[in-house]
Amino acid sequence: MFFSLEIMGLPYCAVTPAAGAKADDAEKTLDSCNGDSLQSMPLLTPYQLGRFQLSHRIVLAPLTRCRAYNALPQPHAAIYYAQRTTPGCLLISEATGISESASGYPCTPGIWSQEQIEAWKPVVKAVHDKGGYFFCQIWHAGRVSHTGMQIFQLHFICAMLLDKLALGEF
């Protein structure tokens with residue numbers, strides 16, 4: 001089976017050998033896809049992303065880990081991200097709240113206080129020490145988050161319920 005698609009605007013080709021197919025059949029199919037295999041598989045070729053020279057086009061996408069406590073990234077986050085980087089690799093952090101009311105899930109990190117900024121520094125350093133690039137995905141979940149995560153909404157809902165109780169609407 002053969003498929004072709006575009007990644008970052010460039011063609012990417014791959015071959016999945018059919019059951020019972022010979023290795024040289026796969027090579028012939030791959031050669032028919034825009035030339036030789038290195039030219040037709042730019043996923044592993046360098047890419048200039050603004051001022052960042054990436055060694056390949058594989059990026060660690062944001063993953064909500066739910067392993068932060070009190071909105072602080074924990075020391076194990078440095079290990080987690082460092083294990084996933086290589087020289088010239090781009091990593092994008094998990095969703096990182098921009099304010100106390102920004103979180104959509106429990107145990108997610110923030111970056112609105114100096115304490116949180118300090119907690120992120122060892123994580124970023126671990127990635128930089130291995131030659132990688134680290135982007136922080138800033139986040140505000142907005143209305144999609146549970147009201148239990150929204151401290152201002154929670155106060156409003158409690159006040160509304162108390163009013164309803166006082167008026168005998170329950």
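**View 1. N70 sits in the loop between β5 and α2.** Helices (H or I, at least four residues) and strands (E, at least two) are DSSP runs, and both are numbered from the N terminus. What you're looking at is a predicted model, where local features need pLDDT of at least 70 and side-chain atom pairs count only at pLDDT 80 or more, while totals for chains, interfaces and linings use all residues. Residues are numbered from 1 along each chain as its sequence is written, and side-chain values use heavy atoms, with hydrogens and water left out. Most residues other than glycine have a negative phi. N70 isn't a glycine, yet its phi is positive, at about 55°. N70 also counts as exposed, with 73% relative accessibility. For the record, buried means under 20% relative accessible area, exposed means over 50%, and partly exposed is in between (1.4 Å probe, protein chains only).

View 2. Starting at the N terminus, the elements go β-β-α-β-β-β-α-β-β-α-β-β-α. The chain has 170 residues, and 31% of them count as buried. Contact means heavy atoms within 4.5 Å. Taking the contacts in the chain with a separation of 6 or more, 63% are between residues 24 or more positions apart.

**View 3. C107 is another non-glycine residue with a positive phi, this one about 65°.** You'll find C107 in the loop between β7 (96-97) and α3. C107 is partly exposed, with a relative accessible area of 36%. Not counting residues up to four places away in sequence, C107 touches C66, R67 and A68. With A68, C107 is 39 residues apart along the chain, but their C-alpha atoms are separated by 4.7 Å.

**View 4. Here is the largest nonpolar core, with its 13 residues.** A nonpolar core is a set of buried Ala, Val, Leu, Ile, Met, Phe, Trp, Tyr and Cys residues joined through side-chain atoms within 4.5 Å. The members that touch the most other members are Y81, L91, W120, V123, V127 and F134. Two elements give two or more residues each to this core: α2 (75-83) and α3 (114-129). The largest share comes from α2, with five residues. In soluble globular proteins, nonpolar side chains tend to be buried together. Look at W120 and its partners: setting aside residues up to four places away in sequence, W120 touches P73, Y81, S93, T96, P109, G110, I111 and F134.

**View 5. Helices α2 and α3 pack against each other at an angle of about 25°.** Their axes are 8 Å apart. (Axes are lines fitted to C-alpha atoms, for helices over the stretch in contact, and angles run from 0 to 180 degrees between N-to-C directions.) The two helices are therefore roughly parallel to each other. Angles under 35 degrees count as roughly parallel, over 145 as roughly antiparallel, 65 to 115 as roughly perpendicular and the rest as oblique. From α2, A77, A78, Y81 and A82 meet W120, P122, V123, A126 and V127 of α3. The residues of this contact divide into nine nonpolar, no polar and no charged. In that tally, Ala, Val, Leu, Ile, Met, Phe, Trp, Tyr, Cys and Pro count as nonpolar, Asp, Glu, Lys and Arg as charged, and the others, Gly among them, as polar.

**View 6. This view shows the buried residues of α2: A77, A78, Y80, Y81 and A82.** What covers these residues includes β5 (59-60), β6 (90-92), α3 and β8 (133-135).

View 7. F134 is buried, with a relative accessible area of 12%. Its contacts, leaving aside neighbours within four places in sequence, are Y81, L91, S93, W120, V123, V124, V127 and H128. F134 and L91 are 43 residues apart along the chain, and their C-alpha atoms are separated by 5.0 Å.

**View 8. T85 lies in the loop between α2 and β6.** T85 is buried, at 4% relative accessible area. Beyond its neighbours within four places in sequence, T85 is in contact with L91, V127, K130 and G132.
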